[in-house]
Every structure is written in structure tokens, then in C-alpha cells.
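Subject: Handover of a structure and the findings from it

Dear colleague,

Please find below the structure that I am handing over to you.

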Protein chains: 2
Amino acid sequence: MPELRQNPITKQWVIIATERARRPHEFVQKRGDAPPLPSYSEKCPFCPGNEHLAPPESLRITRDGNWQVRVVPNKFAALSSEGKFFRKAEGLKRTVAGVGFHEVVVETPNHSATTALLTEEEVELIIRCYKERYFSLIHDPRIENVTIFKNHGSAAGTSLEHPHSQIIATPIIPPDIRNRMEEALRFYDDCGECLFCKVMEEELAEGTRIVHQTEHFVSFIPFASLTPFSMWIYPRRHMASFGEMHAEEMSDLARTLHLILAKVYHGLGNPDFNYVIRTAPSENRYCRYYHWYLSLIPRLTKTAGFELGSGMYINVTLPEANAEFLRNIELPPPASS
Amino acid sequence: MPELRQNPITKQWVIIATERARRPHEFVQKRGDAPPLPSYSEKCPFCPGNEHLAPPESLRITRDGNWQVRVVPNKFAALSSEGKFFRKAEGLKRTVAGVGFHEVVVETPNHSATTALLTEEEVELIIRCYKERYFSLIHDPRIENVTIFKNHGSAAGTSLEHPHSQIIATPIIPPDIRNRMEEALRFYDDCGECLFCKVMEEELAEGTRIVHQTEHFVSFIPFASLTPFSMWIYPRRHMASFGEMHAEEMSDLARTLHLILAKVYHGLGNPDFNYVIRTAPSENRYCRYYHWYLSLIPRLTKTAGFELGSGMYINVTLPEANAEFLRNIELPPPASS
């Protein structure tokens, strides 16, 4: 019989096809041989030499006079960095000024690179940029929350080839963060401990859904994973905010993310994916009940009417089998550079 | 400057690109000329003559000895109709037996038909089936909620050509329904009226987002529409449950849905879409604070990391402009049959 499982963080239910589950290798993407990308593209605003095609940068990390990672405002920003905050209510119509920031993290100068195949050092520079921009953005009094995310591939919502991720700073707390905060606070009130720390403790004790662990991070497929191969990367130390990581944790996160992305790339044939950092709003950054984490969502299935209508998901795979599959993926030795 | 708008039903925020909005006609789908489908397909379990390829039917509406609409259990059901309900808690792991029903409504015997181009009479038969099956399913004591939905096209999550919709009856109240119930109850406690009735009243007074209205139904694009051309169809009469419609309302809903689907088909070039009926759980079917409605979601854009990470959406169109566009779509006269 199928089994309904509940995500304790969001209270979402997922139907897990326990008996008729599809096996992990059925999700390996079969891609035709696309012609390799050039390492430089004349029209790409993210390629070195084309910096004038993007708005003036907000951050740059250089080595030997060349930039390695850049952060620039999104040319087609969803929010405007100019203008005053206001809130309007007219009957049931609630409106807030679309002030905020929408930035692009250009992850490498190399147009043909793939995030999953960057070096650990390169990934660490990207994470450093996330953190630096996060701190700059939360100091704007109009900002309540910062969302850091990556879209890889067309199913994940991007058409730009040059490896990049994005940061959106909003003047309100997004509903998905607000809901997680509320559930976590309720748990803290009931049990006196952090819900996320508890989830991690149980996952480590059981072990079947763990994909990888390091000194500072635990990567696992949630018990109630909504979609195949969705993963959580939790910091072991209780921290509400992504911005509270110390240097050693940042290096460890880079190693972890590098390894997890490579396992997904090699194990599942470079699937389209999103990842997102779910951090506490800035005003709650020291709270005891919330715990930041990274969600990685390979886009292997489509959401249909049932998901849109109920908020429930149907997962046709077993989280335990998927975790085992990824644990066993061996990575090729790093290419000598 | 862009504008953030809040959906009063779900408290979700959407960023509306008020100034740089794309115009409605930019969303008209350009499809290559696919070869027309045959009206019968040998391998299709939904075609007349192939009834043995699907499990035994639960409902059939016939005319002159031929069936016009059939309901059959889904051969690859997400839930099992056999077995006892149980609930298990083991630490934070919450599990419920995957009991329930997963049925397919075969909307027409004609393999090559398109739901949006069926006749009003045909649409009414489909709605009659929804209602009959809804009442049968809620009488099973293991069932808490029934979700009725349709997936049209691959972006909407279906690969089956033969026009069909689906019904899933679950042993729990799905989170999206629970959240709407909670918000609506809070509003009722505060204001003493139904939130949905109030939304409809304001939309009718303002008029700019109305697409169509009839004696019993109002079709409009929500003020805080999350995605381009998403629409709500609300019954004017306060009713928590879809099952409470009387015969005249059912005919009116059929006329309305028929017209709205045709406007979307002709106006936007047959886009992929989902629709879903958001009805109260059966135990709340007479409550004063909830109001059932139908959501229609054309799948014209993709959800990316920002949406997955925040629950916020970026809508690059103006709900008011989209409503005007659809109001002005003229439908071709019905083909003589």
C-alpha cells in the first residue's frame, strides 16, 4: 500500500509509492550530445570583456588582476532598488512597494563551465559572495528577507547558459519562510528545542536517508521528500541565519555542495535543478527555533493539477532508495588543471 | 516601480511587474502544425471498445446505448482503495496509510477531442460526474477530502491525449485546503462574513479584472494573480462545498467553464493548463466561512528557485490587462454537428 508521509517542517503531505516505486536509475537523464559551449560568448553580459553589458557590479573577487566571481544587479530586476517603501490597503487589496534588490552572482568567468563541475575553491568563492551580499542587503531598512537561489537548466526556469545564481531581497517576509517560522516556533514552544536540530538528530540515528556528512554539515533526503532526489543540507550547529556561518563552516559547505552537486550531475546525468538557501529573516537571525538550510531540488518531474490543487505531492520514488543510490555514486578524480 | 500584491485567500505575495509588464498577446502559444489525432486509438484505454484496458468503471453516462462520459479507477492509482486507515508516529516521522481513491473521468469517447472545444452539454455531463463521484467518495469513512482536477498538455503534467480529468480522495485534509480554511476562519472571526464573498463583491464593484459573469458565477483574474492568466471561477451563492450546487447552478457552471476554456484556447493558442476545484473538506461542507471555487492555471511560465524558495511569485503581466484581453476575445460560432 502507498504511504502518506508528513514533512514536519512545513506539515505538507506526500504520497510515497512504496510498492510500485520507480527505481533510482530510471531517473538518469538521457541527453543528446549537445555541441559544447564556447568558453566566451560575444553577447553574454556575464563574460569577461562584456562587463559593460550588465549594470555596474556590487561585488567582485579577483585573483591576479582577473575577476573570479562578480555580483551585478539583474538587468531585468523584479524589484527596484530606488524608491520609498509604502504599504497600501484598499478593501482587501493589499499592496507593498516593489522595492528591493535583485542581483546575479556570476559564478565563473568561463561561459562553458557547469556549476556542478567547478572546483571546491570556486564554490567557496560563490558562497563568500552570497554571504557578503546578504550582509549588505539586510542593512537596508526596507529589506525584511533575502532569498538566495540557483536555477540550472530550462526545466528549472533559466535560459542563460553562463553559470550564475541569484539573490532577491524583499520588503516582506515570504509566506514559505513565515510558515516555516510559525511551525518551528510552535514546536519550540511545545518541546523546548529546535525542530530542525531534532530532525537532523533523528536522520543521523536512522541513517537510511543520509547522503553525505562532514564535520559541519549533514546532507540527506527528507523522510517526506516531495519530489525524487530532493535533498536538504543542514548545518550541524544551530544557526537561524545563513549569515552566521564562520569561515570553517563556509569552507565545509563549499566542499559539501561541491560534492553533492557532482553526485547529482554524475549519478543522474546532469539534471536541471534549483537550490535555495532558506534562512531566517534578518530580524530573527539569532532566534532559537529556526535553523537555516539549503534545499536542492532536481527538476525530474512536473507539478500537475493535484499538486496545484492540494499542496500534496505524489513521489513515485523511495527516499531511502534514492539516498542509497547517491551514497554509492563514485566521483571521477578531479581533472588536473 | 513594481508592486507587491497579496492574495487575501492564501496570504501569498506576488511581484507584479507593473511598468515593464509583457503584453497579453506575447503569451499566445505558437505551436507547429501537429498532425491531427485519430478519433480512435487502438492502445488507448479510454477509447470505446477498449474498456477492458482500464479497471471496471465506477460511473457511466450513456445516450442511445453509447457512453458519453465514464469514470474509471486510475490503473496507476496513487492511493489504494483497499486497506485500513492507520496513522503512525515514530519520533518526528508521521505516516498515514495510503488509502483513498484515484479515478479518471473520461470526458468524451472521441480520442481526438479537446476539452476546450467540447459542447456545453458535454461539459455539463463531466461536471455531473464530478458531483456524483464526489458524493460517493465522501461517504467512505476513511476519506477526509476530495480533489478534482484536470491536466491538459505536457507542461501541465499529462502525456495522455484522450481528454480526461481526475479525482483523488485522500485520508487527510491537504495543506493547501487547511491553510485556506484557517485564513478564511480568521477573517470570519474578525469580520463576520465570508472572505470569498467579500473578494467577489470587491471584484464586481471594481470590474477591471472580471472576465465573464453569469447569473450564478463570476470569472475573474485575481488582483494578486501568481501567474499570467490564472483565473478564479466563484459561485455567487455562498457554498462551502462543490457538492451543494443545485441543477441550475451546474448548468451555469458548464456554460461558464465552456466559455472560459474556449476563450483561453482561442485567445492564447491552446496553452497547456490545469484546473482544480477547491472545495471544503466533507466535514466542513456547510460552514459559513469557506466558499468553494475553481482555479484555472494556464502553464505559460515556469516556477524557478525564487518561487520554490520563498513561495512568492513574479508575474510579468498585469492582471487587469489580461482580463481585458480575455474579455475581448470573440469566440467562433459553434460548429454545426
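In what order do the five strands of the open sheet with mixed pairing stand? The order is β5(A)-β6(A)-β1(B)-β2(B)-β15(B), so that strands of chain A and of chain B take part in one sheet. Please bear in mind throughout that this is a predicted model.

The edges of this sheet are β5 (87–90) of chain A and β15 (313–315) of chain B; each has a single partner strand, so one side of each is left without a neighbour in the sheet. On average, and with direction ignored, neighbouring strands here are turned by 25° against each other. Within the sheet, strand β6 (residues 93–97) of chain A runs antiparallel to strand β1 (residues 3–6) of chain B, and four bridges join them. One residue pair to look for is A:Arg94, whose bridge partner in β1(B) is B:Gln6.

Turning to the contact between the chains as a whole, 59 residues of chain B and 58 residues of chain A take part. On the side of chain B that touches chain A, 29 residues are nonpolar, 19 are polar and 11 are charged.

Chain B also holds an open sheet of 10 strands with antiparallel pairing, in the order β3-β4-β7-β9-β8-β13-β14-β12-β11-β10. B:Val71 stands opposite B:Val105 in β7(B).

Chain A is assigned two domains, domain 1 (38–172) and domain 2 (174–329). Their centres, taken over C-alpha atoms, are separated by 22 Å. The contact between them takes 27 residues from domain 1 of chain A and 26 residues from domain 2 of chain A. On the domain 1 side, α1 (120–138) and β8 (145–152) of chain A each supply at least two residues, and the largest share, nine residues, comes from α1(A). By class, that side has 13 nonpolar, eight polar and six charged residues.

Finally, I would draw your attention to strand β12 (residues 231–235) of chain A. Is this strand mostly covered or mostly open? The strand is mostly covered, with five of its five residues buried. A:Met231, A:Ile233 and A:Pro235 lie on one side, A:Trp232 and A:Tyr234 on the other, and all are buried. In general, the side chains of a regular strand alternate between the two faces of the sheet. Strand β11 (residues 217–220) of chain A runs antiparallel to β12(A) and is joined to it by four bridges, with A:Val218 opposite A:Tyr234. Three bridges join β12(A) to strand β14 (residues 293–298) of chain A, also antiparallel, and A:Met231 has A:Leu296 as its bridge partner there.

Yours sincerely

Terms used:
Residues are numbered from 1 along each chain as its sequence is written. Chains are lettered from A and ligands numbered from 1 in the order in which they are written. This is a predicted model: local features need pLDDT of at least 70, side-chain atom pairs count only at pLDDT 80 or more; totals for chains, interfaces and linings use all residues. Domain bounds come from an automatic or database domain assignment. Two residues are in contact if their C-beta atoms, placed from the backbone, lie within 7 Å. Ala, Val, Leu, Ile, Met, Phe, Trp, Tyr, Cys and Pro count as nonpolar, Asp, Glu, Lys and Arg as charged, and the others, Gly among them, as polar. Two strands pair if DSSP finds at least two bridges between them. Axes are lines fitted to C-alpha atoms, for helices over the stretch in contact, and angles run from 0 to 180 degrees between N-to-C directions. A residue is buried if 20 or more other C-beta atoms lie within 10 Å of its own, exposed if 12 or fewer, and partly exposed in between; C-beta atoms are placed from the backbone.
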